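Dear colleague,

Please read the notes with the model open beside you.

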Amino acid sequence: MAINDFTDADRWVVETALKERYGKIVAVEPADSEIRPDPAASEVTVCPTLYWEQRGVEFVIFKIGTDRYRSQFFYSALEQFGTGRDFDDLAECVTTTLRLQADHEKDRTGATSGKTAADLNKTP
C-alpha cells in the first residue's frame, strides 16, 4: 500500500504552525519511516514523514494514509512520546503535538506559575 507524499500545502500547514510556536522559521525535512499504521498488525509500511528539531527535541509526523496522521516527539531513544491517537486533520495533529510537548517541557523542568487554584479562583 503506497501512501502519497506530503503536499506543498501540507508542508505549509506544518511550517506555519512551527513559525507561530517558535517565532521563527524552522527547517522541516522530508523523510520516510517504516511503521505499523495499524498498531495491531505485524506488517510495517513505508510512510512519508516530516521531521524537525527544536530546543533539543526531535519531532516526526507520519502520514499513515489519506488524511491520516500520527506524531511523536522525543528527547532520546529512551524518552519518546506520542499523542496516543491518530488524526484526520494535519493542523490538529501538529498543534496537539506542539501543545503536548510544551506541557511536557514544563513538567520536565518543574515550571509552575507560583499560583494555587485558590489564587486563580479569587475575584478582584
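Strand E2 (residues 45-54) and strand E3 (residues 57-65) run antiparallel and are joined by 6 bridges; helices (H or I, at least four residues) and strands (E, at least two) are DSSP runs, numbered from the N terminus, and two strands pair if DSSP finds at least two bridges between them. Within this pairing, Glu53 has Glu58 of E3 as its bridge partner.

This is a predicted model, in which local features need pLDDT of at least 70 and side-chain atom pairs count only at pLDDT 80 or more, while totals for chains, interfaces and linings use all residues. Residues are numbered from 1 along each chain as its sequence is written, and side-chain values use heavy atoms, with hydrogens and water left out.

The sheet as a whole is open and has 5 strands in the order E1-E2-E3-E4-E5, with antiparallel pairing. Its edge strands, each pairing on one side only, are E1 and strand E5 (80-82).

Ser33 lies in strand E1 (residues 29-35), and it counts as buried because its relative accessibility is 17%, where buried means under 20% relative accessible area, exposed over 50% and partly exposed in between (1.4 Å probe, protein chains only). Leaving aside residues up to four places away in sequence, Ser33 touches Thr45, Val46, Cys47, Thr49 and Phe62, contact meaning heavy atoms within 4.5 Å.
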